[in-house]
Amino acid sequence: MVELGDLPPDCIALILSQVLATPVDAGRCATFSVAFRAASDSDAVWRNFLPHDLDLIVSTSSPPPFGPSTRKKDVFLRLCTDPILIDSDRKSFALEKWSGKKCYMVGARDLSIVWGDTPSSWRWSSFHVSRFPEVAELIRARWLEVHAKMETRLLSADTYYAAYFIFKFVHGNYGFETQAVEVSISCGSAGEQCYVYFDPDGRMRQQYQTVQERSPHIFRDATAVRVLQAREKKAPRDRGDGWKEINLGEFFVDDPPTGEVQISLMDVKSLKWKSGLVIQGIELRPTQMTSQESSRQRIGQRR
């Protein structure tokens, strides 16, 4: 009887390409033996973890990010660690390393920013370190309104996504200290609305951490935990690249994907003067949800 490990690497690779579901599976398989390592690194296996429309996606990138002879595993790893610019440098594209699903960032130039073409309100700048050639900096305005949209066919099907607002503040910013910003996300017939706080001085996150340290008894109450976690989830986080991100909400991409996802951020009621906000873009990334969370969200969408 012939053992699987005794087969030629090409045969093992062909078999593995049919049974390995994720890049993590391929990594584990590579630890079995030298033959399995060679097979699990093959193009036959890693081609399955790349989007079927990858060539079309990267065709709008200049210069081409990969050569025709680049190994599929190297293409995958590059896209997990180094997003590429596409669509005239107005979007970036990457892959989520655990699943191989698509990630996009819609750059500021591809967002609809009300008064964005008014020099007294917004300045387009290349001074801030960004993956895009330009970012939008709020000079002075009372009205904040930002919109983004993307066709869901560009995203990974049958997947929950989270949208993140990528931003920073310059020195001397004002108007965002305690001001709530209304957020809405719609995808197909489903939608959600919430409020976020940009928290320029970090007080919200500091308050949450203080509660954790000084009042641990609160975290024994399930309801209190959910409330605090919801607030903490909507507080900005440092990305480690000089920018902050804030979770705007989640949405589900059907299989097959239809329509588009629309995202809006607005502060149009307070009419409070604001300045110092710098926008890099809005990022769409697959999100990890538990089975219970998925069920609750799907039920909510059907309603």
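Select R239 and E245 in this predicted model: their side chains meet in a salt bridge, 2.7 Å from N to O. R239 is partly exposed, with a relative accessible area of 23%, while E245 counts as buried at 11%. A search of the whole structure finds 17 salt bridges.

Next, pick R109 and E134. The closest N and O atoms of this salt bridge are 2.8 Å apart. The pair links distant parts of the chain, 25 residues apart: R109 sits in the loop between β3 (102-107) and β4 (112-113), and E134 in the loop between β5 (122-125) and β6. Both count as partly exposed, R109 at 36% relative accessibility and E134 at 28%.

Move to E137 and R123, another salt bridge, with the closest N and O atoms 3.0 Å apart. E137 lies in strand β6 and R123 in strand β5, so the pair ties together parts 14 residues apart in sequence. E137 counts as buried at 9% relative accessibility, whereas R123 is partly exposed at 42%.

Finally, show W115, W143 and L271, a nonpolar surface patch with about 320 Å² of accessible area together. W143 is in the loop between β6 (135-138) and β7 (144-151) and is partly exposed at 34%.

Notes: Residues are numbered from 1 along each chain as its sequence is written. This is a predicted model: local features need pLDDT of at least 70, side-chain atom pairs count only at pLDDT 80 or more; totals for chains, interfaces and linings use all residues. Side-chain values use heavy atoms; hydrogens and water are left out. Patches are made of residues with over 30% relative accessible area and no salt bridge: like charges are joined within 9 Å, nonpolar side chains (Val, Leu, Ile, Met, Phe, Trp, Tyr) within 5 Å. Accessible areas come from the Shrake-Rupley method with a 1.4 Å probe; for residues, only the protein chains shown count as cover. A salt bridge is a side-chain nitrogen of Lys or Arg within 4 Å of a carboxyl oxygen of Asp or Glu. Helices (H or I, at least four residues) and strands (E, at least two) are DSSP runs, numbered from the N terminus. Buried means under 20% relative accessible area, exposed over 50%, partly exposed in between (1.4 Å probe, protein chains only).
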